[in-house]
Structure formats: structure tokens, C-alpha cells
Amino acid sequence: MPNIINEIKLDFKDVLLRPKRSTLRSRNDVRSNIHMIIFLSKQVVNLFRNITFRNSKRTYQGIPVMASNMDTVGTFQMAKALSKHGLFTAIHKYYSVEDWKSFAGENPDCLENIAASAGMAESDYNKLYDILKAVPDITFICLDVANGYSQHFVEYVRKVRAAFPSHTIIAGNVVTGEMVEELILSGADIIKVGIGPGSVCTTRMKTGVGYPQLSAVIECADAAHGLQGHIISDGGCTCAGDVAKAFGAGADFVMAGGMFAGHDECDGEIIEKNGKKYKLFYGMSSKTAMEKHSGGVAEYRSSEGKTVEVVYKGDVESTVLDILGGLRSACTYTGAGKLKELPRRATFIRCTQQVNTIYS
């Protein structure tokens, strides 16, 4: 007989953060960049985190918001733009070793805020090895697969950890505590959490598999933190408020794709239709991505991503400022002086509606 879990699991849309009395003056009590935080009052909101990782033993400092390693979003151009604010970019796996050498030579200050990505294929591993050998200042590795539950993936994480003992390894995706623990004990430092919540992901429709993102983050964060590991909430954020909810749920990092799509820093040409401008955005398991990088959809599987035309948004700077402003406001509403304190301050209220849609 199949098992049924009757406990309700929640997504970002199902909750709001409850405000609390605070002595913080306002969201304007902080101004931050990659080099310094200027304090304007005695009590301020600090979005920067200092995180020491369990297995690599390295320490990260920055604002732990990440651009996804999707090939239209996780670009070198995006990394340059986000790094100015202390944000992180997981670079997609399709750049050549020569591309990496050129980027690293021209942008050495960005290397502390990026990860080199790889899948599980032997060619992926060999290319990752060559990139890290050519650019030794890269310290983050992102091992990215759609299904992080296979034993083969666990063994692959162990292989990469053995080959790169001092690199910080991101691994995923999974959505349950026991697999978070398995990957951390196998050598990963940060686990990507999320199956199906992304704006261009169709896994839940095609396979029936998934887990509501807010509950997944709460449960996986608890499992990771018990082992001194860390997690990324990957997918499901549609606005700055969702990013705040993910941090409030216990995520150490929040990764977004759709929120960073459509900007100048994204790969792809601008498409003009009926006087409006768009840029192409698609899931990495979509037919578009597989035709571009693998020659088509393999017979043994289906496409699990969609392709959409995102309204052209211009420079990513405005989106970055919107996200950071929303995070500062969330912290002041909940009384968190630091982003690190937000989970301890957060109380979630279940709701049936979170926005007034009359003009949407």
C-alpha cells in the first residue's frame, strides 16, 4: 500500500511573515557593498553573512543571494554585475576553459563570488578538472543534477571531494532531510534544495514528483544545520518577499533564475514583438536546452522544462536593489538586525491570500 503523509506542506504563497516590535529605525539604516558596510545608526540591518563550511573549512563573506547556473542566467556578465553588490553567481557549465581563463584574468575580484558548475558525465568532470587547474582561485564547485537521489550521484560527490579536498562543494537537488544528511556526510558543504518549484520547471507536471518549497527548506535546513552543513533554497521565488521567506525558513543561500532572467546580463538576443522587447528563458531540462546542448531530447526521458519569452528588463541593477531593499524591510519588520537572525525572528502566518490582485 502507498504511504500518505497527511501533514500539510507549504509553499511561499501559503504564508506571510508576521511583523514584530523592533528598535531598528528603517530599511535605510544600512548601505552595503562588497568592501564595507557603513553603519548609519547604532542598530542596523546587516545583509552580509560570514559562513564557514563543514568540509572545505573555507569561509565565505557576502550577501547569500545567488543567480542560478542556467545557461541564460548564470553568465560571466551576470557575475560581474552581482559581485559588485556582494551577491553570488553559479556559472553555467557550457563555458570553455579558455572562456574561464579570459574571464578570470580580466575579473579577478569576482572569483570569490562564483562557482564552476558540472554535471555527472565523465566529460563534465574532466572539464571541471581542467577549469579548476587553469583558474586555481575558483573555490566553489556546483554539482548540479535534476535528481540528487541516485546512489551514483552520492558516489560522484565523494569522488569530487577526494579530488578537490579544499574546495567548497554545492550539490543537489534534493528536498528531504535524509538526503541532505547523506550528501553532507559524503563531502558536500551546501545542498541545493528544490524539485519542481522553478518558474520554467515542469517536473511536477511531467512526473508528479516534488515538494512544496517552504516546507522543504524548513526541513532540509534543520537536517543540514544539525551537521554544521548549509542549504540553498533553489527555485520558487517570484518576488523579493519570497526571498525573505526563504531566508526566514532557514535557508543559508537563496538561488533564483526567473527573477534574474530578461536582463542585459543574460545570454540571448532581444526579441521584438508588437513593439515590445523580450528575452528567451528556459529550463535546463527543456526541449530548447537539450536541443542546444545535447542534440535533442533523449528517447528514454521527457522534457521537464518550458521555454518562455520574458519581458526585457534592462540592467540587472534595478532587480538587485529591489531584492536587497525587500530583504532589509523584512528584517526591520521582524526585528532582525542581521540577515543571520531572520530565521530566529520569523513567525509564519498561514494565509489564503497574500496580495490584492485587483490591478494585477
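## A buried glutamine

The side chain of Gln213 reaches the backbone oxygen of Val193 at 2.9 Å. This is a polar contact, meaning a pair of N or O atoms within 3.5 Å; within protein, one must be able to donate a hydrogen and the other to accept it, and residues adjacent in sequence count only if both atoms are side-chain atoms. The model is predicted: local features need pLDDT of at least 70, side-chain atom pairs count only at pLDDT 80 or more, and totals for chains, interfaces and linings use all residues. Residues are numbered from 1 along each chain as its sequence is written, and side-chain values use heavy atoms, with hydrogens and water left out.

Gln213 sits in helix H7. Its relative accessible area is 0%, so Gln213 counts as buried. Buried means under 20% relative accessible area, exposed means over 50%, and partly exposed lies in between (1.4 Å probe, protein chains only). Beyond its neighbours within four places in sequence, Gln213 is in contact with residues including Leu10, Asp11, Phe12, Arg204 and Asp234. Contact here means heavy atoms within 4.5 Å.

## The chain as a whole

The protein chain has 11 helices and 17 strands. Helices (H or I, at least four residues) and strands (E, at least two) are DSSP runs, numbered from the N terminus. Of the 360 residues, 53% count as buried. Take the contacts with a separation of 6 or more: residues 24 or more positions apart account for 66% of them.

## Nonpolar cores

The largest nonpolar core has 90 residues. Such a core is a set of buried Ala, Val, Leu, Ile, Met, Phe, Trp, Tyr and Cys residues joined through side-chain atoms within 4.5 Å. Helix H7 (residues 213–225) gives the most to this core, with 7 residues. Apart from it lies another core, of 14 residues, among them Ile51, Tyr60, Ala115 and Ile232.

Val65, Trp100, Leu143, Ile231, Val243, Phe260 and Leu327 have the most contacts inside the largest core. What does Leu327 touch, leaving aside its neighbours within four places in sequence? Its partners are Leu47, Val65, Val243, Ala244, Phe247 and Leu339.

## One cavity

The structure holds 1 cavity of 30 Å³ or more. The largest cavity has a volume of about 60 Å³. On a 1 Å grid over the protein atoms alone, a cavity is a set of points where a 1.4 Å probe fits but cannot get out, and lining residues have an atom within 4 Å of a point. Grid points are joined across faces, edges and corners, and the volume is the space filled by probe spheres set on the points.

Strand S8 (114–118) and helix H3 (122–134) each give two or more residues to the lining of the largest cavity. H3 gives the most, with 4 residues. Trp100 is one of the lining residues, and Trp100 is also among those with the most contacts in the largest core.

## Backbone details

The peptide bond from Gly172 to Asn173 is cis, with omega near 20°. Asn173 belongs to strand S10 (residues 168–174).

For Gln228, phi is near 60°. Gln228 lies in the loop between H7 and strand S12 (230–234), and is exposed, with a relative accessible area of 52%. For Asn274, phi is near 50°. Asn274 is in the loop between strand S14 (270–273) and strand S15 (276–282). Asn274 is exposed too, with a relative accessible area of 83%.

Key:
1 Å grid on protein atoms, 1.4 Å probe; cavity = no way out; pocket = protein on both sides within 12 Å on 5 of 7 lines; lining within 4 Å.
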